[in-house]
Amino acid sequence: MVDRIAQIWGTRTPYPRDGLWPVRVDQALGEGVSADDVDRWVQSACVLCSNGCACDIAVKDGAMVGIRGRAGDLVNHGRLGPKGLFASWQGVSHKDRLQRPMIRENGRLVECDWDTAMNRITERSRQLLRDRGPLSHGFYTSGQLFLEEYYALAVIGKAGIGTPHMDGNTRLCTATAAAALKETFGADGQPGSYTDIDSCDAIFLYGHNMAETQTVLWSRVLDRIAGPDRPKVVCIDPRDTEVARHADVHLAVRPGTNLALMNALVHEILAHGWVDEAYIQAHTVGFEQLKATVEPWNAEAAAAICDVPAADIRKAARIFGTSGRVLSTVLQGFYQSAQATASSCQVNNLHLLRGLLGRPGCGILQMNGQPTAQNNRECGADGDLPGFRNWENPGHVQELADLWDIDPLTIPHWAPPTHAMQIFRYAEQGSIEFLWISATNPAVSMPQLPRIREILAKPELFVVVQDLYLTETAQAADVVLPAAGWGEKTGTFTNVNRTVHLSDKAVEPPGEARSDLDIFLDYSRRMGFTTRQGEPLLAWEGPEDAFNAWRECTRGRPCDYTGISYERLRGGSGIPWPCNEENPDGRDRLYTDGIFPTDPDYCESYGHDLLTGATVGPEAFRATVPAGRAVLKTADYHPPHEEPDGEYPLRYTTGRTAYHFHTRTKTGRSRQLTQAAPRAWVELGADDAGRLGIGEGDLVRVESRRGRIEVPARISDIRAGTVFAPFHYGYWDSDGTPGEHPTAANELTLTEWDPVSKQPVFKNAAVRVEKIGDAEGPAPAPTTTASRPSAAAENQGTRRPRPTTGGGEADATEDVAATPPPRFPDAVRPGPGSDRPGGVSAGSNSAGSDQEARP
Amino acid sequence: MNLNIYLGMLHQAEKTLAESFRQVAAGHGDEPDVHFLCHTLAQQCEEHSRLLHPIVERYGEDPSDAEPERLHAEGLSSTRQGPVGLLRDLQDLYLLASLVDVTWTMVKQAGSALRDRELLEVVERCDGETSVQLRWLQTRMKQAAPQALIAAR
Ligand code: SF4
């Protein structure tokens, strides 16, 4: 038994370069449940981060009672992290679950039946469509639904209603990943694979605290680090994260200055000639402009802006320039910061300059935050056109119109899709009057919360919220719909490295809760959306119909699912797309031939100017980008728009802890995770704290121009002049409102976004900090992660926090090397017609066995 | 030689455009993308003026004040309110930036005929940025137009 709260990454299983990552099967069962008690195991994958760990859910007497990792899956080789172990089924099996729909009557939410709730929605919807047209409707969805659900929503929005106002909270977490891939390669699609960790000589983590955001992926890195030929590690992060602790070079840059650093890294690579000229010549365009842009950015120039030693920048550049195989991973530290797309494109550029792509160990992972963010992007629930189609390409619009049998003019393609922040702006101005929010909690996760609360409370705005719990957002709704959660419905989803998993229904949802897919299909039916032939627009009976329709939508596109079926996903490993005739078992990594999807008739986007977001347009794109080449995109550095000053002298940044996910709607219902990170805190460096007279655990007020939080202080090893707050802590478990001491990090953040990806800037604001109360004990921040107390502060005789442990409640079993490691493509179930053993027989009905027998 | 008239006009038009970008930034603070980008683009225009300055000096200010009146760029004196107001303000900026853009083109023609390398380098640097400004304005207006013209209250 291992305490997996104390040991987030579990037991080490070291392996060498080009070795196979050993299997370790992690399992945690509910209190008093033994493996013999389990009636059946149902196949699924974890939905608490973007890693996509495959798992089996233990079911006993119709209830979920445990979880274990799937040994044969290519993603996790049996492992699970603390969130998967302690909040997957525990996060949904809770007495607080919504069981019946609710409508607002006389200002209060009261329970009702489904007909009443749905009629209220459709009445309002019909009336607005009649009186004000489709532009009165907005949809704000999630990164946590299933593929089938996003696709249904996208078809409703684009073919039923015809509104461009649809986005997901993926805008807050992963929009820049998509944008950077589109700008550089012409279409979304993760170039690299997790197997690149197995083969790399160096790994660069750009604003990616992998140790806390994708704990199982970090276990894989740790196992390489513990092996005989560890890769070099370079970390770019203002905090002293676990990644930083293992780094050969840690660049603790000032928040908001990433692009200056990236320009310097490219500058150094060029100055030393660490480039593959033949690759640049054959496979890229834009080299001269890139060179001119980075020309002034020598290490000293960037060092002055970023406040890191020039020698460290050179050292990092040397590692990138001279290692045989380099893997880069990018996440929120870049995506949620200033000049997000430009900074992330520079990561792509570094790889293109050295030709480090499409070979083992040479990968780019533009990460996602949420588990199903990838599907939101693929299906177009983020406003894009489904199947990575290009809204500026009339041919692509026509393809969809044919597929759906509708008038192409119905499909909103006259302007870029409306991004989340703009949807809320239109709602603020009163031109969006119907806002349907599914599986997300903007009242805590969006920037500048006082403003968001005001918008949601506007009486003219009709708000529908569809969720598992009565979230802060649901409390402001006009209609609340109880949704079925993970394990209570069937569907598929796709992780960071394109691996598609099936999650089967294990138990019945509580009360009258329904799957999100059923709710969307019901709305479509009630609204009477039809095709040109007069057939129902969405005639699907259930998730498998939706999946099969989606497969057709992806045919011939970069995210080709045509070779994947529910049946193929049962029993074996998840399958990485594209999976089609050319790639019958899917594909581990893209761009092995250096041919990129920039053909103007095929590409997803013609690109943007990275400084302003101006669209390039079809003519200019055709004139400048030879089909198949990648584009070396760049912009010059501009300082962030809000910088510290006399009044607000500190830089503020927000983020995550290993023990929580998003606004804690699920992880906050797990006893183990809540005990590990019970309440909000703020981190300050020892010098800043000393200067302000703040000790460990003191209650402090952190204030920006937009709002304030009042939380205990943790004296940590964050860079000087910078303050960090975790964004998980809203108000559903207090009385639903900010109260006397607000805790949500987004009370302070500003309303601003990247010009290309439209991802909000959560990681740079100016604040002031003052002590408002004496400590009642140490801050409630974990000691096992980046929030661990600073050793410097300890010497000053401050209160010492107790180490974070599971206290006997967080034991899990770890079965090391239970089976030989899975490898691609053998771990994937062969499709019909394959001569590999264990295949799916052609024509067999795919209802198949939806449950696995007990082993 | 009349190039000095055009240089003077361009110099002035960039200044006017910078002021107008700032005006729109100030008037539309609730549209953060417009607000922040207009400030950035105002700086760009000021930089253009700065780069032009030595060339204007070299060709000499126009002593006769012969600049055709109707080519003189009027800046935005105030900003409008609401979604349609935003659209119209952006459209005003677009007209002003178009004037700047086409004037750069004329100046470039003359610079080429004169084989004035210094002038051509300045044109090369600035005119590209002006056309991006135009493309951004168009991108932003296209985004705003349907909502402003159909759904706005
Ligand atoms: S790493 Fe992510 S997907 Fe895997 S168990 Fe943890 S939260 Fe779930």
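Let's start where the two chains meet: 26 residues of chain A and 24 residues of chain B take part in the contact, where contact means heavy atoms within 4.5 Å. Keep in mind that this is a predicted model, in which local features need pLDDT of at least 70, side-chain atom pairs count only at pLDDT 80 or more, and totals for chains, interfaces and linings use all residues. Residues are numbered from 1 along each chain as its sequence is written, chains are lettered from A and ligands numbered from 1 in the order in which they are written, and side-chain values use heavy atoms, with hydrogens and water left out.

Together, chain A and chain B bury about 2300 Å², with 56% of it on carbon and sulfur atoms. Buried area here is the accessible area (1.4 Å probe) that two parts lose on being put together, summed over both. On the chain A side, Arg132(A), Leu135(A) and Thr612(A) lose the most area to chain B, together 22% of what that side buries.

What about charges across this contact? There are 2 salt bridges between chain A and chain B, a salt bridge being a side-chain nitrogen of Lys or Arg within 4 Å of a carboxyl oxygen of Asp or Glu. Arg153(B) and Glu433(A) are joined by a salt bridge, at 2.8 Å from N to O. The side of chain A that touches chain B is made up of 10 nonpolar, 11 polar and 5 charged residues. In that scheme Ala, Val, Leu, Ile, Met, Phe, Trp, Tyr, Cys and Pro are nonpolar, Asp, Glu, Lys and Arg are charged, and the others, Gly among them, are polar.

Now for chain B on its own. It has 4 helices and 0 strands, counting DSSP runs numbered from the N terminus: helices are H or I with at least four residues, strands are E with at least two. Its C-alpha atoms fill a box of roughly 55 × 30 × 20 Å along the principal axes.

Chain A has 28 helices and 29 strands. Its radius of gyration is 25 Å, close to the 29 Å that the globule rule gives for 855 residues, so chain A is as compact as a globular protein of that length. That radius is taken over C-alpha atoms, and the rule is 2.2 Å times the number of residues to the power 0.38. The C-alpha box of chain A is roughly 70 × 65 × 60 Å, taken along the principal axes.

Next, the ligand. Among the residues around it are Cys46(A), Cys49(A), Cys53(A), Lys83(A) and Thr215(A); a residue is near a molecule if one of its heavy atoms lies within 4 Å of it. Helix H1 (82–87) and helix H8 (215–225) of chain A each give at least two residues to this shell. By class, the shell has 6 nonpolar, 5 polar and 1 charged residues.

Finally, a few backbone details in chain A. Most residues other than glycine have a negative phi, and most peptide bonds are trans. Phe388(A), though not a glycine, has a positive phi of about 55°, and sits in the loop between helix H17 (373–379) and helix H18 (394–404). A cis peptide bond links Trp577(A) to Pro578(A), with omega about 0°; Pro578(A) is in the loop between strand S21 (575–576) and helix H25 (618–624). Phe824(A) and Pro825(A) are also joined by a cis peptide bond, with omega about 0°, and Pro825(A) lies in the segment after strand S29 (811–816).
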